[in-house]
Amino acid sequence: TLLGGGGRGGGGKGIRRAPSKRAVLLEEEFMSESDEDEDDTGGAELRALTSPRATQSGRLSTRKRVFGEGTDSDEADDAAERAPSQAPPKRQRQEVTGTSWLNAILRRITSALRNERHPLAAHLRLFNEPVREEEAPGYSQFVPSEQEMSLAVMERTARARKYNGRWELRAHGAQILANARAYHLQSPHGSPAIIGCAEQLLACLDAELLRLGPELDQAETKFVGEGNKLSETPMPEGWPEVARAAATTMEAAQRPAAPVDGAGAVTAAAAAAQMPIDLTAAAVEPPPDVWVQCTRCEKWRKMVTPEQRATVPEGEADWFCEQNTDPAFASCSVPEEVSA
């Protein structure tokens, strides 16, 4: 069909091809929808359908609507393509097992002992990692490799959920102290002050086990109720009295140091504030000084607190500086305290 029309020059004639059947049908549909609805929704639909960005599903839907093609299954598939994607089902929370609960508590204890914010971190960090030969020459001669222990090993064991009871963790802490004594009392390179630090570590461990005792009871009950068997590692002798004494010792060790005057002497006000008895009362006499001599270095150590005096043996039994619960004088290398 020849149709008149302006060419490039504006006055010429051009030849156009007849519009396709599909275009005619779409135009007729658009015109009929425009008459019924004045808000131009039909025009918007036509522009969306004829846009280059139209999806394959949109073109298929239009062809079915115009030419009557397609089946019910095609319509269902097309509707599924246009439907918004559904969110995946929420993951159900699994119940915590007794093994996980027990080891999570023990891991919290080891993490607390390794924390740099711990009041005794300067002493406890000595046992964070396994001992290296360059740090302790000849260490393997006094401590066999199968007996080596550290806080890092204890934390990894708890992380792997391999503890079958709280006393296994406590036994590992006692092993650290035993290793410290084996090396630092016998090796010429030993430092007895390290033994005092290891004693502090075990005391901190005992205090945490005592504090978390009720929760550990529940976890171990659940552990056994699930068919597991608790470790045969025995409870420490004298428990829980030994733990209560350790907790008292730790509270005293973590107490801030008393301020001193210019000459290095503790001020009277600070001493009165820190002593468990009221030294300001006229009716109360301060306890007499108790001194004990180290069997090894023959230095005299002043026993001030009840915990210190409890370490003094009866009769002529040996006593060593590392038995002193005061970290400041728990080593033979520390000079003897000058009495006032």
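**Aromatic pairs and a helix crossing**

Ring pairs link Tyr139, Phe142 and Tyr183 into a cluster. The model is a predicted one.

Searching the whole structure turns up three aromatic pairs. Take Phe142 and Tyr183. Their ring centres are 5.7 Å apart and their planes stand at 85°, so this pair is edge-to-face. The angle settles the label, because planes over 60 degrees apart count as edge-to-face. The two residues come from distant parts of the chain, 41 residues apart. Phe142 belongs to helix H7 (residues 139-142). Tyr183 belongs to helix H9 (residues 166-184).

Tyr183 has a relative accessible area of 1%, so Tyr183 is buried. Phe142 has a relative accessibility of 24%, so Phe142 counts as partly exposed. The cut-off explains the labels: buried means under 20% relative accessible area, and partly exposed lies between that and 50%.

Next come Trp167 and Trp239. They form an aromatic pair, again edge-to-face, with 5.0 Å from centre to centre and 80° between the planes.

Now a polar side chain. Gln200 is part of helix H10 (residues 192-211). Its relative accessible area is 6%, so Gln200 is buried. The side chain of Gln200 makes a polar contact of 2.6 Å with the side chain of His123.

Finally, turn to a pair of helices. Helix H5 spans residues 98-114, and helix H8 spans residues 151-159. Their axes come within 8 Å and cross at roughly 155°. Angles over 145 degrees count as roughly antiparallel. H5 and H8 are therefore roughly antiparallel to each other. Their crossing is left-handed.

Which residues in H5 and H8 meet? From H5 come Asn103, Leu106, Arg107, Thr110, Ser111, Leu113 and Arg114. From H8 come Leu151, Ala152, Met154, Glu155, Thr157, Ala158 and Arg159.

Key:
Residues numbered from 1 in each chain as written. Predicted model: local features only at pLDDT ≥ 70, side-chain atom pairs only at ≥ 80, totals over all residues. Heavy atoms only, no water. Helix = DSSP H or I, 4+ residues; strand = E, 2+ residues; numbered from the N terminus. Buried < 20%, exposed > 50% of the residue type's maximum accessible area, 1.4 Å probe, protein only. Polar contact = N/O pair within 3.5 Å; in protein donor to acceptor, adjacent residues only side chain to side chain. Phe/Tyr/Trp six-rings, centres within 6.5 Å; stacked < 30°, edge-to-face > 60°. Axes fitted to C-alpha atoms, helices over the stretch in contact; angles between N-to-C directions. Parallel < 35°, antiparallel > 145°, perpendicular 65-115°, else oblique. Left-handed = near helix turned anticlockwise from the far one by under 90°. Contact = heavy atoms within 4.5 Å.
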